[in-house]
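Trainee: I am new to this structure. Please show me how to read it, feature by feature.

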Amino acid sequence: MDTEMNYRKIEKAAQSRKRIAGIIVYALLTLWAVIVLFPFYWMILTSVKSYSAYNSEYIPQFFTLSPTLRNYADAFTTVSLGRYLANTAIFTVLTTAAMLFVITLAAFAFARLDFKGKNIVFLIFLSLMMIPGELVIITNFVTITNLDMRNSFAGLILPSITSVFYIYLLKENFEQIPDSLYYAAKVDGTSDLKYLLKVMIPISRPTLITITILKVIECWNSYVWPRLITDDENYFLVSNGIQEIRENGFGRENIPAMMAAVVVISVPLIVLFLIFRRKIMEGVPRGGTKG
Amino acid sequence: MRKKFSSCGSLKGWLYLLPAILFLGAFMVYPLVDVLIYSFEEGYNSASQTYFGTGTYNYSYVLHDPYFLQAVKNTFILVIITVPLSTGIALLISAGLNSITPLRELFQTIYFLPYVTNTLAVGLVFMILFKKTPYSDSLVNLLITFFGGNSVDFIDGPYPAKMFVLCFYTIWVVMPFKILILTSALSSVNQEYYNAAKVDGTSNFRIFMRITLPMISPMIFYLIITGFIGAFKAYSDVVALFGTDLNAAGMNTIVGYVYDMLYGDSGGYPSYASAAAILLFAIVLTITFINLLISRKKVHY
């Protein structure tokens, strides 16, 4: 009787300890979620506050009762936000498309074709992965300047077309396709190019999509190279645009309009993320680092 | 016949590789050689493409430049604070995430958001959250005064305050990647180890220290190395918070110094930029090497 009581007591204590631990875990996770989400909330909130209301708040208000969309109109009319967005879209699409073309051919050569010197070239490619971009950007800046390609899409795009890492990723993926498929196709008289287009690319679609998404994110957020290579506002990408807006745009105090621009810039990627959430979160560990 | 076939195949292989080789050659290999040459050419003028001598003058100039020393100091402080802190917090959060089932996906999705946002754009939000202006004390200062502290200008104010915002924002930005890696590492630990430990009546803390940590130590280590490399290259988050004139703000980083030497009002000195970039590369390489040495002793593979 006594021992049974004791067991119950112990069990109860263990249960309540578990519950308390659970509460602490949820509290900590919620705290971090708030820290992550709050800047987003604040940018949306500020973007719908009117200019006069914002500037009269010495103590910032946590909500607004009279939201306005005027700041969004300002963001598109006072500064060339539309142009920045269009430039970024063009830059992203062209860079990604060109990159997919180059890396697919290279990965195919490494994975499927046999030729002299292949292993050495592959080794050189791999060793290039360790080279930080900061080291080569100086010469690239001089090269592009000398080629008179500053303030042009060619200048923006050319240096970021190849990625050794994605070639490597795709090659690994191509190699998992069984050899027998290739020989069967050969027997049927299929050419290498046709085999690549009709068999390998469709099979590797998931990897290609992952690479595409990662590259799109990278392009959309690129800042350093575009800043070096463009000083004509007509070629600014969003990152440079936002910096321009901050330093010369609406006037230093029109923060609501600035925040409206920030919202407009952030939304496309967030939408992309919500659509391809699983793909991105599976791809990132294999693909890129940020930070 | 056989020979002809193989040389034809050989040509084809090179043909497929040609675009990649061209681009890599022009924008990776050539610049790599060139940057070394630049760094030893004294007084290189990019307009006339002339220089008046070769030697180590560029390096000694950079190493004696107070802006560079400030940048090195800032970068090291940033690295030393953010890498351990972000890895530690990420580990804590991932362990928490792994212990719950309801709402787990929601939390994971939220935590990943900073990864897909534009560093420059969200940096502006952090700036207004921390910046003190004549019109407003900013939200963070409101919190500080609410808890009885004195308000500080985090963006134009004292150095520690500026460093604090920078570290905070950096951690905010790098967290998604770390959480993602650690959660998947944690969930891949074989459940049987845990069951065995539970049968033995081992406490949760002990299980974490003795089983979980050693099992995921390669991943933690990977994160520390990539974290070091990433933090040493900090730049765009700094620009986002403090604007493009980082030297004036006293918040420049090594990468920022390189770009400032190259371009902008203080620019036009590719030789100095090259020397600084190579110094950065040497620092990163050394730190990575030290990390690898330590890992051989500590990491359980």
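Predicted model: local features only at pLDDT ≥ 70, side-chain atom pairs only at ≥ 80, totals over all residues.

Mentor: Residues are numbered from 1 along each chain as written, and chains are lettered from A and ligands numbered from 1 in the order written.

Trainee: At what angle do helix α15 of chain A and helix α7 of chain B pack?

Mentor: Axes are lines fitted to C-alpha atoms, for helices over the stretch in contact, and angles run from 0 to 180 degrees between N-to-C directions. Helices are DSSP runs (H or I, at least four residues), numbered from the N terminus. Here α15 (residues 277-286) of chain A and α7 (residues 159-187) of chain B pack at about 90°, with axes 10 Å apart.

Trainee: Which residues make the contact of α15(A) and α7(B)?

Mentor: Contact means C-beta atoms, placed from the backbone, within 7 Å. From α15(A) come A:Met281, A:Val284 and A:Pro285. From α7(B) come B:Phe177, B:Leu180, B:Ile181 and B:Ser184. Six of the contact's residues are nonpolar, one is polar and none is charged. Nonpolar covers Ala, Val, Leu, Ile, Met, Phe, Trp, Tyr, Cys and Pro; charged covers Asp, Glu, Lys and Arg; the others, Gly among them, are polar.

Trainee: How many residues of chain B are in contact with chain A?

Mentor: 76 residues of chain B are in contact with 73 residues of chain A. Helix α1 (residues 2-40) of chain B gives the most to the chain B side, with 19 residues. That side divides into 53 nonpolar, 19 polar and four charged residues.

Trainee: Which domains does chain A have?

Mentor: Domain bounds come from an automatic or database assignment. For chain A it gives domain 1 (2-70) and domain 2 (79-286). Their centres, taken over C-alpha atoms, are 37 Å apart. Nine residues of domain 1 of chain A are in contact with eight of domain 2 of chain A.

Trainee: Which residues touch the most other members of the largest nonpolar core?

Mentor: Such a core joins buried Ala, Val, Leu, Ile, Met, Phe, Trp, Tyr and Cys residues through C-beta atoms within 7 Å. Buried means 20 or more other C-beta atoms within 10 Å of the residue's own. The largest core has 155 residues, and A:Ala106, A:Ala261, A:Val262, B:Leu241, B:Val258 and B:Ala276 touch the most other members. α7(B) gives the most to this core, with 15 residues.

Notes
Contact = placed C-beta atoms within 7 Å. Helix = DSSP H or I, 4+ residues; strand = E, 2+ residues; numbered from the N terminus. Buried ≥ 20, exposed ≤ 12 C-beta atoms within 10 Å, placed from the backbone.
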